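This report describes the packing and local contacts of one protein chain. The sequence and structure are shown first, and the description follows.

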Amino acid sequence: MGKPFYYFGKCLYTLGRPFFPTKVIGKENIVKNGCCIYASNHLSGIDIPLTQLHIPGYRRYIGKKEYSEKAFPRFLLSHFGVIFIDRDKPELSVMREIFKVLADGQILIFPEGTRNHGSPEEMLPIKGGLAIFAAKSGVPVIPVLLYRKPKLFRKNYMYIGEPIDICPNKGRLPNAAEAEKLTARYDREFARLRVIFDDVVEHKRWKKKNRLPAGVKSPALEKWDNDHPAPTEEGL
């Protein structure tokens, strides 16, 4: 059913929108037409509905294979376009399907590989799949962060960051060492983005009077960058 079921579900989710008020920051970074990978932190079972509601367009999702082991979740998620993957030993056919989608479309992946039950301020270590998909497909990664775990009637924030385009050798699968370095770089980029996100929420940077001048970093980001220097090209 693909797209029809996806958009039907999105219409249903719209009815619940007032129950989970979410302000989206960084809408200008949404890819409306084109190929990309959205990569989001994973805090709750409604992360998929929230991203469907607040990020326009159709995209496929990647979910862990365990979700396909029971009939109802498999039926529901597969009709939403979820691609099930074995995180430890992905099948070649699944990898081909993902790259086929990225040739002319979009996917959303939760790169932590599982739901984060700890502090939302720190992502779990990112799995290697994100680096592999981005390097082979050559498409940019659009980072998405939810500020905290969604709760009924509690205002939340979703931050959509600028594209992360760090793969030096696009169009081919990275070897194990390259994938490890790229994954570490994605870990760093998401940690840095969280510093930006926290400052935006704390100081309400979306308001004109609170915006920083172009090219000016917040004190928190300035300190973070000094403490976490960017890797050299060889470090990639």
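Within strand 4, Phe84 is the bridge partner of Gly63. Strand 3 (residues 60-64) and strand 4 pair in the parallel sense over four bridges, where pairing requires that DSSP finds at least two bridges between two strands. Helices (H or I, at least four residues) and strands (E, at least two) are DSSP runs, numbered from the N terminus. The model is a predicted one, in which local features need pLDDT of at least 70 and side-chain atom pairs count only at pLDDT 80 or more, while totals for chains, interfaces and linings use all residues. Residues are numbered from 1 along each chain as its sequence is written, and side-chain values use heavy atoms, with hydrogens and water left out.

Strand 4 is covered on both faces: Val82 and Phe84 are buried on one side, and Ile83 and Ile85 are buried on the other. Buried denotes under 20% relative accessible area, exposed over 50%, and partly exposed in between (1.4 Å probe, protein chains only). In a regular strand the side chains alternate between the two faces of the sheet.

**Nonpolar cores**

A nonpolar core is a set of buried Ala, Val, Leu, Ile, Met, Phe, Trp, Tyr and Cys residues joined through side-chain atoms within 4.5 Å. The largest such core has 35 residues, and Ile37, Ile98, Leu130, Phe133, Val141 and Tyr186 have the most contacts inside it. Among the elements that give two or more residues to this core are strand 2 (36-40), strand 4 (82-85), helix 4 (92-102) and helix 6 (176-203). Helix 6 provides the largest share of this core, seven residues. Apart from this core lies another, of 22 residues, including Phe5, Leu43, Phe80 and Val82.

Contact means heavy atoms within 4.5 Å. Not counting residues up to four places away in sequence, Ile98 touches Ile62, Ile83, Ile85, Ile107 and Phe133.

In helix 7 (residues 219-227), the buried residues are Leu221, Trp224 and Asp225. Seen down the axis of helix 7, these residues fall within an arc of 95°, so they line one face of the helix; the arc is that of the directions from the helix axis to the C-beta atoms. The buried residues of helix 7 pack against helix 6, whereas Pro219, Lys223 and Asn226 are exposed on the other side of helix 7.

Ser218 lies in the loop between helix 6 and helix 7. Leaving aside neighbours within four places in sequence, Ser218 is in contact with Asp199, Arg205 and Leu212.

**His42**

His42 is placed in the loop between strand 2 and helix 2 (47-54). The side chain of His42 makes a polar contact with that of Asp47 (2.6 Å). A polar contact is a pair of N or O atoms within 3.5 Å; within protein, one must be able to donate a hydrogen and the other to accept it, and residues adjacent in sequence count only if both atoms are side-chain atoms. Not counting residues up to four places away in sequence, His42 also touches Phe110, Glu112, Thr114, Arg115 and Asn116.

**Cysteines and accessibility**

A search of the whole structure finds zero disulfides, a disulfide being a pair of cysteine sulfur atoms within 2.5 Å. For Cys35, the nearest cysteine sulfur, that of Cys36, is 7.9 Å away. The sulfur of Cys167 is 14 Å from the closest cysteine sulfur, in Cys36, too far for a bond.

| Residue | Relative accessibility | Class |
|---|---|---|
| His42 | 10% | buried |
| Cys35 | 26% | partly exposed |
| Cys167 | 10% | buried |
| Ser218 | 5% | buried |
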